[in-house]
Amino acid sequence: LTSVTIPGSVTNIGRSAFSRCTSLTAVTIGNGVTTIEGNAFQHCTSLTSVTIPDSVTSIEVRAFQGCISLRTVDIPRSADRISESTFEMCEWLESVSIPNVVHSMGAFAFKGCRALASVTIPDSVTHIGQSAFEHCTSLTSITIPDSVTSIRDSAFYGCTSLTSVTIPDSVTSIGNHAFRDCASLTSATIGDGV
């Protein structure tokens, strides 16, 4: 199986539906789909592109984990959170568009996305989960919006290219090892909330 088009009559992509379809390169999801369940495309190692329509309101845990060839992804404007490990180990993910309705980034959401050089966290996000950006080794700078109140353990652990970070007054807690092994970090602005 190298490509799949899911028609508009489908409302749900079930758990592990296409997991480990290692020759799958492209997926087009019809605008009737509202839920992509956990592990749905996990370890589809040849998947380079996926079109997710705005009808999708829920992308569940590990949905695209280990899709090492995935380059870009646009998260639909209807999704209000990025679940645990959704894009973990998508090693060649270069860019991601996060809509201004997402309120949380789950644990390990982008862990190991080594090609991700920049990311804009929208001002709807209230917390950054554990290890959310751990070992994103191409990430050079990050601005955390005023909406964020907590940065969980190891959130940016091992981001070895990170040179600057701005933490606003709204942040009241920073977890253990949040910026550990950020060897290139030369500038940090920390607000009064911590």
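Modeller: In this predicted model, strand 3, residues 26–29, runs parallel to strand 5, and three bridges join the two.

Biologist: Which residue of strand 5 does Ala 26 stand opposite?

Modeller: The residue opposite Ala 26 is Ser 49 in strand 5.

Biologist: What is the order of the strands in that open sheet?

Modeller: The order is 1-3-5, with three strands and parallel pairing. Strand 1 (3–6) and strand 5 (49–51) are the edge strands, each pairing on one side only. From one strand to the next, the twist averages 5°.

Biologist: What holds paired strands together, in general terms?

Modeller: Strands of a sheet pair through hydrogen bonds of the backbone, in either a parallel or an antiparallel way.

Biologist: Let us turn to strand 14. How many bridges does strand 14 form with strand 12?

Modeller: Strand 14 pairs with strand 12, residues 141–143, over three bridges in the parallel sense. Within that pairing, Thr 143 has Thr 166 of strand 14 as its bridge partner.

Biologist: And in which sense does strand 14 pair with strand 16?

Modeller: That pairing is parallel as well, over four bridges, and strand 16 covers residues 187–190. There, Ser 164 stands opposite Ser 187 in strand 16.

Biologist: Which residues of strand 14 lie on the covered face, and which on the uncovered one?

Modeller: Strand 14 spans residues 164–167; Val 165 and Ile 167 make up its covered face, while Ser 164 and Thr 166 make up the uncovered one. In a regular strand, side chains alternate between the two faces of the sheet.

Note on methods
Residues are numbered from 1 along each chain as its sequence is written. This is a predicted model: local features need pLDDT of at least 70, side-chain atom pairs count only at pLDDT 80 or more; totals for chains, interfaces and linings use all residues. Side-chain values use heavy atoms; hydrogens and water are left out. Two strands pair if DSSP finds at least two bridges between them. Axes are lines fitted to C-alpha atoms, for helices over the stretch in contact, and angles run from 0 to 180 degrees between N-to-C directions. Buried means under 20% relative accessible area, exposed over 50%, partly exposed in between (1.4 Å probe, protein chains only).
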